[in-house]
Amino acid sequence: GIVVLLAFIHPMGGVSHAPVSAQYKEGALLKGFIDGYNTLDALASLAFGIIIVTTIKKLGVTHPNIIAKETFKSGTISIVGMGLIYSLLAIMGTMSLGNFKVSENGGIALAQIAQHYLGDYGIIVLSLIIVVACLKTAIGLITAFSETFTELFPKQKYIMFATVVSVLACIFANVGLTKIIMYSTPVLMFIYPLAITLILLTLASPLFNHSKIVYRFTTFFTMIAAFIDGVKASPEFFVKTSFARFIISLGEKYLPLFTIGMGWIIPALIGFIIGLIVFKVRGSKQPQS
């Protein structure tokens with residue numbers, strides 16, 4: 001709040017005259033949508049959703065409709081709050097171009113802005129911001145991950161999963177944000193479409209009686225296309241291999257919207273329609289999941 005306030009009181013530059021990145025001159029919405037994968041918000045929501053629902057149940061709320069209503073309220077507050085924060089960060093970053101060059105990643109940009117307005121104290125403030133922001137996310141994710149995998153593998157202890165994940169996160173964090181983004185992007189390009197379709201299927205599941213068949217067909221078709229998207233987004237040294245070039249060529253030939261990183265949409269719709277047809281043919285007398 002302090003950094004943003006100072007940035008608006010003493011702007012480094014204007015927004016309207018800032019140079020537009022070539023990637024955003026056309027299809028800015030889709031580019032922003034795909035860049036949003038790096039926030040991990042949709043993936044984290046699958047984990048945090050479990051924590052929210054569990055917490056609501058512990059408060060004595062057991063009726064599914066009321067649980068859904070309270071979860072919806074929580075999600076709405078989160079969407080509004082995060083939307084505001086991201087918008088302010090985007091504007092602040094754009095204004096900083098009046099004084100700085102485009103940064104390699106957002107972390108560098110934030111450090112430059114904080115130091116510009118608050119000097120060395122700005123770096124301390126920024127460090128505190130990052131610690132608080134990342135700590136609550138880390139606790140939530142480690143908890144959700146460990147609880148989920150303890151249920152999947154009852155023979156293993158919760159403390160084991162929590163310890164392993166914490167150590168691995170500590171190691172990966174020291175690689176640096178730029179490299180983390182570079183190596184995680186292909187993984188996110190593969191996982192995110194699966195997460196998005198899973199969320200949409202869950203919301204629409206009453207329409208097909210929660211059938212596993214619809215889930216499986218949609219996921220299978222999405223997974224194939226998402227894999228090709230992931231290969232395309234891989235580091236340059238892998239993209240240049242004959243295997244990667246072959247996979248990418250398949251996407252360019254057979255996947256609509258592949259060039260903008262959304263090649264999974266049509267296959268997902270096809271898988272969903274096939275799943276619905278199979279579900280209708282088999283009948284929908286009993287819930288299957």
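**Exercise 1. Find which residues of α9 and α11 meet, and describe how the two helices are placed.**

Solution. In this predicted model, the α9 side of the contact consists of Phe 227, Ile 228, Val 231 and Lys 232, which meet Phe 243, Ala 244, Ile 247, Ile 248 and Gly 251 of α11. Sorting these residues by class gives seven nonpolar, one polar and one charged for the contact of α9 with α11. The next step is the geometry: the axes of α9 (residues 212-232) and α11 (residues 242-254) come within 9 Å and cross at roughly 125 degrees. Because angles from 65 to 115 degrees count as roughly perpendicular and those over 145 as roughly antiparallel, α9 is oblique to α11.

**Exercise 2. Determine how α3 packs on α8, beginning with the angle and ending with the residues in contact.**

Solution. Helix α3 (residues 41-58) packs against α8 at an angle of about 50 degrees, and the two axes are 9 Å apart. The pair is therefore classed as oblique, and the crossing in which α3 passes α8 is left-handed. On the α3 side the contact involves Asp 41, Ala 42, Leu 43, Ser 45 and Leu 46, while α8 contributes Leu 188, Ile 191, Tyr 192, Ala 195 and Ile 199. By class, the contact of α3 with α8 comprises eight nonpolar residues, one polar residue and one charged residue.

**Exercise 3. Work out the arrangement of α6 and α7, including the hand of their crossing.**

Solution. The angle between α6 (residues 120-152) and α7 (residues 158-173) is about 135 degrees, with the axes 9 Å apart. Since only angles over 145 degrees count as roughly antiparallel, α6 and α7 are oblique to each other. Their crossing is right-handed. From α6, the residues making the contact are Ile 142, Thr 143, Phe 145, Ser 146, Glu 147, Phe 149 and Thr 150, and from α7 they are Tyr 158, Phe 161, Ala 162, Val 165 and Ser 166. The division by class for the contact of α6 with α7 is seven nonpolar, four polar and one charged.

**Exercise 4. Describe the second largest pocket by its volume, its lining and the elements that supply the lining.**

Solution. The volume of the second largest pocket is about 160 Å³. Its lining is formed by Thr 197, Leu 200, Leu 201, Ala 204, Thr 218, Trp 264, Ile 265, Ala 268, Leu 269 and Phe 272. Two or more of these lining residues come from each of the elements α8 (177-204) and α12 (265-282). When the lining of the second largest pocket is divided by class, eight residues are nonpolar, two are polar and none is charged.

**Exercise 5. Locate the residues Asn 209 and His 210 and state what their phi values are.**

Solution. Asn 209 lies in the loop between α8 and α9, and His 210 is likewise placed in the loop between α8 and α9. As a point of reference, most residues other than glycine have a negative phi. Asn 209, although not a glycine, has a positive phi of about 55 degrees, and His 210, a residue other than glycine, has a positive phi near 60 degrees.

Methods: Residues are numbered from 1 along each chain as its sequence is written. This is a predicted model: local features need pLDDT of at least 70, side-chain atom pairs count only at pLDDT 80 or more; totals for chains, interfaces and linings use all residues. Side-chain values use heavy atoms; hydrogens and water are left out. Axes are lines fitted to C-alpha atoms, for helices over the stretch in contact, and angles run from 0 to 180 degrees between N-to-C directions. Helices (H or I, at least four residues) and strands (E, at least two) are DSSP runs, numbered from the N terminus. Angles under 35 degrees count as roughly parallel, over 145 as roughly antiparallel, 65 to 115 as roughly perpendicular and the rest as oblique. Contact means heavy atoms within 4.5 Å. Ala, Val, Leu, Ile, Met, Phe, Trp, Tyr, Cys and Pro count as nonpolar, Asp, Glu, Lys and Arg as charged, and the others, Gly among them, as polar. On a 1 Å grid over the protein atoms alone, a cavity is a set of points where a 1.4 Å probe fits but cannot get out, and a pocket is an open set with protein on both sides within 12 Å along at least five of seven lines; lining residues have an atom within 4 Å of a point. Grid points are joined across faces, edges and corners, and a volume is the space filled by probe spheres set on the points. A crossing is left-handed if the near helix is turned anticlockwise from the far one by less than a right angle, and right-handed if clockwise.
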